[in-house]
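Student: Can we go through this structure together? I'd like to start with pockets.

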Amino acid sequence: AEDSLSTFNDAFTIYGHPKVKNALKAFEQLQIVQLPEYRTALKLRAIQRKMQLHRIDVRDIVTVFSECGMPAPNDDITESEMEPIINDVCLMAERNVDTTIVSCEDLILTWILQLFDSNYIGAVPVKQF
């Protein structure tokens, strides 16, 4: 179990992702914003743009979730179950905005795991996904 934990940490931590490293450097510029609430909002917006989440329509997410047969809300969803869902959402977003969205599926997946998988098991509760 210890080997899988170290493998998970090495393979999936988003802080090693090049796009995240660039975003974290950009966060340094936001330190001039005095109010922490505004600074946090600016950081979240920067993450949203870096992952191109602003191009994804919530209706597309609802459609993909209903088509894929999500597990029960109290169950966990594994990394391998999340990958095709995230991929489908991104593909649907590309069709709807008539432009190519740079593939950020791996970044989105690792960000979700980093935020919600505190036990490093490669799964998160469906409610948090």
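This is a predicted model: local features need pLDDT of at least 70, side-chain atom pairs count only at pLDDT 80 or more; totals for chains, interfaces and linings use all residues.

Student: How much space lies in the largest pocket?

Tutor: About 310 Å³. A pocket is an open set of points on a 1 Å grid over the protein atoms alone, where a 1.4 Å probe fits, with protein on both sides within 12 Å along at least five of seven lines. The volume is the space filled by probe spheres set on the points.

Student: Which residues lie nearest its centre?

Tutor: Leu53, Ile61, Ile108, Ile112 and Phe129, out of 15 lining residues; lining means having an atom within 4 Å of a point. The elements giving two or more residues to that lining are α4 (58-68), α5 (79-97) and α6 (105-116). Helices here are DSSP runs (H or I, at least four residues), numbered from the N terminus.

Student: And what is the lining by class?

Tutor: It has 14 nonpolar residues, one polar and no charged. Nonpolar covers Ala, Val, Leu, Ile, Met, Phe, Trp, Tyr, Cys and Pro; charged covers Asp, Glu, Lys and Arg; the others, Gly among them, are polar.

Student: New topic. Why does glutamate 79 count as buried?

Tutor: Because its relative accessibility is 15%, and buried means under 20% (exposed is over 50%, partly exposed in between, with a 1.4 Å probe and protein chains only). Glutamate 79 is in helix α5.

Student: And asparagine 22, in which helix does that lie?

Tutor: Helix α2, residues 18-29. Asparagine 22 is partly exposed, at 45% relative accessible area.

Definitions and conventions. Residues are numbered from 1 along each chain as its sequence is written. Side-chain values use heavy atoms; hydrogens and water are left out.
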